Amino acid sequence: MKRAVLLTMQLICSIVLFANSFEYNGIRYEISANNPDECILLQNISQKGEVVIPTVVINAGKEYIVASIADYAFNGCVDITTVAIPSTVTKIGHLAFYACDNLKSISIPNSIEQIGNWAFAECISLEELVIPKTAKYLGTGFAASNDNLKTVIIEADIKLIRKSSFEDCKKLGKVQLPVTVQVIEANAFERCASLETIELPLSLIEIGESAFYMSGLKEINIPNSDATIGGNAFAYCKQLQKAILPASLKILNTGLFYNCTQLVDVVIPEGVTHIGMNAFNGCSALKELYIPESVTHIDLDAFSGCDNLENLIMP
């Protein structure tokens, strides 16, 4: 996704005429088609610095409750520094705050139910995100590529961390996941170089491809015995020293620990039948590994580059 393309899309959207739209204190709103007493925040026109979105706006003598923030509403607004969202808002649209370069903080109320795709992506000054209990949907890449994001707390009882949610958040060091998470999709924490530890809940049953690719993890524990792990999930985690895998795991997918150069402590569970290509390729610190009797297939280069592997124990 290229910033120029997205900003062009936002510009195209901004010239569309809305018959029921009006301006109030430097922001354009549209009367809701579903509720004549509500409105949608369409587009920031002139607000800068500290933005406080009102609970109620007035047009032609009538009050309207601000109920949602539209797609692209603040897209590319580099002059805003903080945003306070009122408790009347339930939805934040796709790319709503994308590329707000100087946005340092945003207050998300306990009314938000949906945060769209890439909603806060490339907000390179944003340091913390707290997702309230009320949230039911967090979109793809909603907080991706935030160079200074350090802390994420998800209070919502969501089941899914979508693709690329925190990809390229290089300073992200603290993530609090809810105990309800069942799936972490592909690339969710890819290149989170400062993420040294994360507590995965017992509810987690699936980790997608490259989910933690090139992250800073030092240890990983996957407590659900039935969880599956996609290819390259921990590839290039060069600080990873210890991995506790699900007890009922059947397949070590392609490149699972590829180039984990400090990995020294990992046990392949009894019951694994297939060790994929490059699964341990480049694990140069690994000295001993037991291959359980259940393994029937070992793919090409599964242990290539394990230069210090002294004991490969096979029944």
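What share of the 315 residues in the protein chain is buried? Buried residues, meaning those under 20% relative accessible area, make up 48% of the chain. This is a predicted model, in which local features need pLDDT of at least 70, side-chain atom pairs count only at pLDDT 80 or more, and totals for chains, interfaces and linings use all residues. Residues are numbered from 1 along each chain as its sequence is written, and side-chain values use heavy atoms, with hydrogens and water left out.

**Figure 1. Overall view of the protein chain.** The secondary structure comes to one helix and 26 strands; helices (H or I, at least four residues) and strands (E, at least two) are DSSP runs, numbered from the N terminus. The C-alpha trace spans about 80 × 30 × 30 Å along its principal axes.

**Figure 2. Strand S13 and its partner strands.** Two strands pair if DSSP finds at least two bridges between them. Strand S13 (residues 151-154) runs parallel to strand S11 (residues 128-131), and four bridges join the two. Val-130 has Ile-153 of S13 as its bridge partner. S13 is also joined to strand S15 (residues 174-176), again in parallel, by three bridges; here Thr-151 has Lys-174 of S15 as its bridge partner. In a regular strand the side chains alternate between the two faces of the sheet. In S13, Thr-151 and Ile-153 point one way, Val-152 and Ile-154 point the other way, and all are buried.

**Figure 3. The open sheet S21-S23-S25.** Three strands form an open sheet in the order S21-S23-S25, with parallel pairing. S21 and S25 stand at the edges with a single partner strand each, so one side of each has no neighbour in the sheet. Strand S23 (residues 274-275) pairs with S25 over two bridges, and His-274 stands opposite His-297 in S25.

**Figure 4. A nonpolar surface patch that includes Ile-298.** Ile-298, Leu-312 and Met-314 make a nonpolar surface patch of about 250 Å². Accessible areas come from the Shrake-Rupley method with a 1.4 Å probe, and for residues only the protein chains shown count as cover. Ile-298 lies in strand S25 (residues 297-298) and is partly exposed, with a relative accessible area of 35%; partly exposed covers the range between buried and exposed, the latter being over 50%.

Figure 5. The whole structure holds 13 aromatic pairs. The ring centres of Phe-234 and Phe-257 are 5.9 Å apart and the planes are at 15 degrees, so this pair is stacked. Rings of Phe, Tyr and Trp (its six-membered ring) pair if their centres lie within 6.5 Å, with planes under 30 degrees apart counted as stacked, over 60 as edge-to-face and the rest as tilted. Both Phe-234 and Phe-257 are buried. Ring pairs link Phe-142, Phe-166, Phe-189, Phe-212, Phe-234, Phe-257, Phe-280 and Phe-303 into a cluster.

**Figure 6. Two non-glycine residues with positive phi.** Ala-60 has a positive phi of about 55 degrees. Ala-60 is in the loop between strand S5 (56-59) and strand S6 (62-69) and is exposed, at 78% relative accessible area. Asn-259 has a positive phi of about 60 degrees. Asn-259 lies in the loop between S21 and S22 and counts as buried, at 18% relative accessibility.

Technical notes
Patches are made of residues with over 30% relative accessible area and no salt bridge: like charges are joined within 9 Å, nonpolar side chains (Val, Leu, Ile, Met, Phe, Trp, Tyr) within 5 Å. A salt bridge is a side-chain nitrogen of Lys or Arg within 4 Å of a carboxyl oxygen of Asp or Glu. Buried means under 20% relative accessible area, exposed over 50%, partly exposed in between (1.4 Å probe, protein chains only).
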